[in-house]
Amino acid sequence: MSRQSFGKASSLGFVLQWEHDHATSSVSASRGWLSATVADVEVWPFGGPGTESWPWIELLEFFGRYWRYIEFEVGGDPLGLDVQPDLLRTAAEQRWRSLSEEDSDREEEALLVYLRSHNLAAAFRGASAPALYIVRRNVDTAQVTADGVNVELPWGEVRDTLTALGAAIAARLEPVREPRSENARAQWASRSPTEASLRLALAMGRSLEDARRVEAVCEDKSREIELWPFAVAARMAPERMSVEALAALMVELCRPDHPQVSSRFLELRANAQRIRGTAESQGLRRYEVGQAVARWLRHVFGTGPELRFDIDQALSELGIEIRAVSVDEPAVDALCAFGPSRPPVVVLNQRGVHASSPNGRRATLAHELYHLLVDLGTTLPYAEANSVRAPRFIEQRARAFAAELLLPRVVAEQTAAAVAVGQLTAETRRLSAHYGASRELVTLQLYNARERASADAQREIESEYAALRLQGD
Ligand SMILES: [Zn+2]
């Protein structure tokens with residue numbers, strides 16, 4: 001029989017060949033060979049005649065069950081580990097060593113469900129095929145990962161390829177009058193939920209009931225945009241958060257007051273992304289990338305290293321709205337969003353552990369500014385929550401950016417080099433007052449610059465840093 005191809009071998013491609021000319025059962029009709037290729041690497045070598053064939057109804061059943069997760073579970077793994085899917089398990093096991101058994105069991109279950117629903121190889125019953133993960137990174141991009149290959153592709157292309165493949169299997173089963181075939185085809189036909197609440201539930205990682213509550217609150221405020229692309233912020237918030245608290249945050253995040261995005265913001269965003277790209281291509285480390293963007297932004301606003309950066313003024317000039325809310329969840333300091341029909345916004349939780357103090361608020365705004373300029377719509381979906389499950393590598397850049405923007409490294413280096421023994425506390429206080437940076441942030445920057453200090457001062461900086469860490473920083 002002839003071979004059918006779907007997609008492109010250079011990105012994501014499949015080649016399918018049926019075994020029998022005519023067949024009447026679900027299994028025999030869908031039996032054949034299928035190879036999958038990612039970035040020109042053959043990852044599923046289901047060769048062809050002479051090798052063992054497989055009933056591909058199993059793949060159609062997999063799509064029927066899990067397509068909705070592939071399509072709407074946007075923005076990465078449920079633990080915020082931020083590594084490619086085939087490395088998640090190992091990264092999670094490291095993390096679980098420091099957690100209670102109850103917490104690690106709960107996380108393990110969430111991770112297993114996540115891995116199963118995004119791994120096409122989980123379709124096979126009783127056979128082990130190499131893993132092939134499809135994860136939608138954001139609204140426009142999918143990450144496709146198999147043994148030794150990890151690529152980002154346009155989501156539309158990945159969706160069309162998988163749709164064409166599933167449709168070919170469904171068409172092949174069309175004449176088969178068996179419950180299994182009919183069920184598989186019916187599930188395939190309804191694979192993608194059209195109901196807005198269900199899409200929101202999948203994107204939030206919460207129940208349908210919760211999604212409806214959030215929707216109801218947002219509708220009361222006459223929103224006119226689709227909610228689910230912003231719901232990733234809810235997935236980054238602690239699981240324990242009440243649906244009322246989530247709704248209070250989501251409504252501010254999603255409800256635009258004015259539809260205009262300032263051209264200054266778009267211009268700076270394009271430049272910030274270029275700076276990030278250059279820094280990454282030079283092989284800089286993650287925190288150095290964040291620092292490079294911060295140094296450039298200080299320059300753009302004409303704020304020399306000797307001056308305090310006016311973060312409120314910068315946000316205002318860029319047309320970034322700040323909305324303050326008061327939600328009883330200290331682990332969430334802020335959220336931000338920027339997407340189609342959603343101008344940039346920061347939602348600040350006045351009860352957040354950092355955002356509740358003036359200097360912590362400045363650092364939180366700086367952190368969100370980085371996401372708005374660099375990450376949203378690229379490495380992150382259209383929203384972010386500064387909270388426990390935000391992707392950690394993306395967070396490292398944003399944190400380093402915020403630290404550098406508020407207290408430049410060069411100032412920390414000069415201070416570290418000059419500080420006399422016994423004067424560290426006074427110096428920290430002076431820098432904190434002048435730059436509007438918290439004691440923690442100043443200590444962190446001094447610690448990063450400690451090699452400039454004398455041996456005695458270095459020890460003082462290290463012990464101050466350790467003391468603050470012990471306080472739970
Ligand atoms: Zn963040």
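This is a working chat about a predicted model of one protein.

Colleague: How is the protein divided into domains?

Modeller: The assignment gives domain 1 (4–189), domain 2 (200–254), domain 3 (263–406) and domain 4 (409–470). Remember that this is a predicted model.

Colleague: What separates the centres of domain 2 and domain 4?

Modeller: 41 Å, taken over C-alpha atoms.

Colleague: Let's look at the open sheet with S6. What is the strand order?

Modeller: The order is S6-S7-S8. The sheet has 3 strands, and the pairing is antiparallel.

Colleague: Which strands stand at the edges?

Modeller: Strand S6 (132–136) and strand S8 (149–154). Each has a single partner strand, so one side of each is left without a neighbour in the sheet.

Colleague: How are neighbouring strands turned against each other?

Modeller: By 20° on average, with direction ignored.

Colleague: How many bridges join S6 to S7?

Modeller: 5 bridges, and the two strands run antiparallel. S6 and S7 form a hairpin, with 4 residues between them. Within the pairing, Leu132 stands opposite Ala146 in S7.

Colleague: And over how many bridges do S7 and S8 pair?

Modeller: Over 6 bridges, again in the antiparallel sense. S7 covers residues 141–146. Find Gln143 and you will see Glu152 of S8 opposite.

Colleague: Back to S6. Are its residues buried or exposed?

Modeller: Buried, 5 of the 5. S6 is therefore largely enclosed by the rest of the structure.

Colleague: Which residues of S6 are on which side?

Modeller: Leu132, Ile134 and Arg136 are on one side. Tyr133 and Val135 are on the other. Both faces are covered.

Colleague: Which helix lies across S6, S7 and S8?

Modeller: Helix H5, residues 155–173. H5 runs at about 100° to S8.

Colleague: Which residues of H3 are buried?

Modeller: Pro85, Leu88 and Ala92. They cover an arc of only 25° around the axis, which puts them on the same side of H3.

Colleague: Why would that spacing line up?

Modeller: An α-helix has 3.6 residues a turn, so residues three or four places apart point the same way.

Colleague: What covers the buried residues of H3?

Modeller: The cover includes helix H4 (101–118), S6 and S7.

Colleague: And which residues are on the other side of H3?

Modeller: Leu87, Thr90, Glu93 and Gln94, and these are exposed.

Colleague: Where is Ala39?

Modeller: In the loop between strand S3 (31–38) and strand S4 (41–45). Ala39 is partly exposed, with 18 other C-beta atoms within 10 Å.

Colleague: What about the phi of Ser341?

Modeller: Near 55°, a positive value in a residue other than glycine. Ser341 is found in the loop between strand S10 (334–339) and strand S11 (342–349).

Colleague: Is Ser341 buried or exposed?

Modeller: Exposed, with 12 other C-beta atoms within 10 Å.

How values were computed:
Residues numbered from 1 in each chain as written. Predicted model: local features only at pLDDT ≥ 70, side-chain atom pairs only at ≥ 80, totals over all residues. Pairing = 2+ DSSP bridges. Axes fitted to C-alpha atoms, helices over the stretch in contact; angles between N-to-C directions. Contact = placed C-beta atoms within 7 Å. Domains from an automatic or database assignment. Buried ≥ 20, exposed ≤ 12 C-beta atoms within 10 Å, placed from the backbone. Arc of directions from axis to C-beta.
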